Number of protein chains: 2
Amino acid sequence: MSRIGEFELIARLVEMVAEARLDRTSEWGARIVVASGDDAAVTVPKGATATSVDSLVEGIHFRRQTAPLGSVGRKALASALSDLAAMGAAPGEAYVQLGVPDDLGEADCLELGRGLAQEAAEHDVAVLGGDVTRAPTLWIAITVVGHADSAGELVRRAGAGPGDDLAVTGELGGAAAGLLLLDRPELATVVEAEVADALRRRQLEPQPRLAAGRALAAAGASAMIDLSDGLGGDAAHIATASGVRLVIELERLPIQAGVGEVAAAAGVDAFDLAAGRGEDYELLVALPPDRAEDARAEVTATGLTLTSIGVAEEGAGAALRASDGSERPLAGFDQLRR
Amino acid sequence: MSRIGEFELIARLVEMVAEARLDRTSEWGARIVVASGDDAAVTVPKGATATSVDSLVEGIHFRRQTAPLGSVGRKALASALSDLAAMGAAPGEAYVQLGVPDDLGEADCLELGRGLAQEAAEHDVAVLGGDVTRAPTLWIAITVVGHADSAGELVRRAGAGPGDDLAVTGELGGAAAGLLLLDRPELATVVEAEVADALRRRQLEPQPRLAAGRALAAAGASAMIDLSDGLGGDAAHIATASGVRLVIELERLPIQAGVGEVAAAAGVDAFDLAAGRGEDYELLVALPPDRAEDARAEVTATGLTLTSIGVAEEGAGAALRASDGSERPLAGFDQLRR
């Protein structure tokens, strides 16, 4: 905060995110009574709210050398919104806390703010409050609030039953392969430039699956979680919360184009990138068998695929089953790589 | 996070703050549908919500050498709750994000969590969510949600009118004098040990004036703010938001016992500690003249004093008037000492 005062920076960031703010005459916008600039933001929510927090820390979750600050701003909000997607909530408001080191200039701060504002605008999120403070290293802490007409419409981790179909939105492994490409640019020669770009974007600017999450909730999902820690850890969370055993078929995982080539070039297992690492921010969902077909149609209508990858059974834990019938426990995956 | 995994630490912190959680059969507790452990917390708020965020950063807002970690946990939540007090909101839920450096051991983390849980319990706050991440330096980012039956019951910064009485809860200058004592322990000899203790506590464990804030809102306050940046900057915020000029009488400031002695020993102006520094977390309130007497009685009933320190006039800005009639602009005070 060497070149710009806290109050001035807040004012500029507020101005920037104000553009991303909702039309007050819309359903969600009408809920907002006081936006930023007072001691607290005031809203009048209807029905139920889902609230989640998430943070990005320099040196832990990103490095300024490889992650443009606009992407950092986008990803900070996107990863928080992904939790709302996993509840099937409609995104509403966000609150942003920013720790700014002295070596981060005004232009850098505004680039970060711009990325955040763009992400907010794309998902109709109103940024209602914030706090900017000096800090030894850069960090961004986000709080997001989503909405539903009633608490019963929101999908929890508990609720999967034996016989439920397990499915995943989109494709897996891209974020982990993208991170390999950012850390080791020389690996990129093994795939087409466009494929490498797509992998890096999965890492730098993940997409919260908000529309798919709402579609899955409406279609009758029994349990849902977003893949932030990796399929292994996240499947284990559903298994524990629901009191079931999840069996996932290795060959059915929808692996993103280029992940296999990058994994081979890096000397790692493509299935490890797809199931053992996190940050794809796809949704893992359990669906009662009679809901699976509808759910697939609804998700497809949002422009994403929905792939059946396994089933829930009586029992406990989560396992990955290979084509030879051998099982590999998923819970053993390292859930804290960083 | 060298000795304890993220998930295990979260589990222990959750267990700790669960004790601070509300009875679900109470009015506020019944609002909570899903507490921590899912992708998001779910609540069903009635009426209006007030949401505010605040953070503490090691090396900027506190030093581990002088601030016990239990106090850091308490202060992080207290300073966020103070914003709810300034709205006249009833405290409801809190969400905690924690950046933990490698040199912070498990016992340290739990001491911090214990302080936070104690503060939450004292104010009937349910800690519903959290995120723990590794970080190069310790930081705590808090989100608090308060409630009111309707948005109109909450008191904003805008609303003060010419002729309104300006009043402040409790006593001023204690937090700044306490910080001097923590940084320069040799100064403590100029006051009684109990007085020095009280000053240090004002700095380490400020009290959010939640009951007084609600009493002032009910008594008809026209504008309110908490004194986090200091009377100077905070009065200027009310003046700007309300479109009035605030004139504060220097001699009427209720200065805490010992502040004068510590200021003299440190070679600084006691009025500067009381009006130019922040962190007292008292409330500055504007009251229509016919509400002032009721308001004083209501605040007194919560165990705090309410002192009339000036008036709102036509005009702009905020000024401190000395007994000789000279005026000192308040807005010129440095609002970012740290």
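Strand E2 (residues 41–43) of chain A runs antiparallel to E3(B), and three bridges join the two. One pairing can be named within this contact. A:Val42 has B:Ala50 of E3(B) as its bridge partner. B:Ala50 also has a bridge partner in E6(B), namely B:Gly146. The model described here is predicted.

Within chain B, E3(B) is joined to strand E6 (residues 139–148) by 10 bridges. The two strands run antiparallel. B:Ser55 stands opposite B:Ala141 of E6(B) in this pairing.

E3(B) is mostly covered, with 10 of its 10 residues buried. In a regular strand the side chains alternate between the two faces of the sheet. Two sets of residues can be listed for E3(B). B:Ala48, B:Ala50, B:Ser52, B:Asp54 and B:Leu56 point one way. B:Thr49, B:Thr51, B:Val53, B:Ser55 and B:Val57 point the other way. All of these residues are buried.

A second open sheet was examined next. It has six strands in the order E5(A)-E4(A)-E6(A)-E3(A)-E2(B)-E1(B), again with mixed pairing. Strand E5 (126–134) of chain A and strand E1 (32–34) of chain B stand at the edges. Each has a single partner strand, so one side of each is left without a neighbour in the sheet.

Strand E3 (residues 48–57) of chain A and strand E2 (residues 41–43) of chain B run antiparallel, joined by three bridges. A:Thr51 stands opposite B:Ala41 in E2(B). Inside chain A, strand E4 (residues 90–100) and E5(A) pair in the parallel sense over eight bridges. A:Ala94 stands opposite A:Val127 of E5(A).

The relation between the chains was then computed. Chain B is superposed on chain A by a rotation of 180 degrees, with 0.0 Å of shift along the axis and an RMSD of 0.0 Å. That is the relation of a two-fold axis.

The contact between the chains takes 53 residues from chain B and 52 residues from chain A. On the side of chain B that touches chain A, the largest share comes from strand E3 (residues 48–57) of chain B, with nine residues. The residues on this side of chain B divide into 27 nonpolar, 16 polar and 10 charged. Of the interface residues of chain B, 98% are also interface residues in chain A, so the copies meet through the same surface.

The largest nonpolar core holds 222 residues. Among them, A:Leu216, A:Ala221, B:Leu216 and B:Ala221 touch the most other members. Sequence neighbours within four places aside, B:Ala221 is in contact with B:Val155, B:Leu216, B:Val285, B:Ala286, B:Leu287 and B:Ala295.

B:Leu112 is found in helix H3 (residues 106–122) of chain B. B:Leu112 has 25 other C-beta atoms within 10 Å. A residue is buried if 20 or more lie within that distance, so B:Leu112 counts as buried. Its contacts, leaving aside neighbours within four places in sequence, are B:Leu69, B:Gly70, B:Val72 and B:Gly73. B:Leu112 and B:Leu154 are 42 residues apart along the chain, and their C-alpha atoms are separated by 31 Å.

B:Val268 lies in the loop between helix H8 (259–266) and helix H9 (270–275) of chain B. B:Val268 has 16 C-beta neighbours inside 10 Å, so this residue counts as partly exposed. Neighbours within four places in sequence aside, B:Val268 is in contact with B:Ala263 and B:Leu273.

Definitions and conventions
Residues numbered from 1 in each chain as written. Chains lettered and ligands numbered in written order. Predicted model: local features only at pLDDT ≥ 70, side-chain atom pairs only at ≥ 80, totals over all residues. Helix = DSSP H or I, 4+ residues; strand = E, 2+ residues; numbered from the N terminus. Buried ≥ 20, exposed ≤ 12 C-beta atoms within 10 Å, placed from the backbone. Contact = placed C-beta atoms within 7 Å. Least-squares fit on C-alpha atoms with pLDDT ≥ 70 in both. Nonpolar A, V, L, I, M, F, W, Y, C, P; charged D, E, K, R; others polar. Pairing = 2+ DSSP bridges. Core = buried A, V, L, I, M, F, W, Y, C linked by C-beta atoms within 7 Å.
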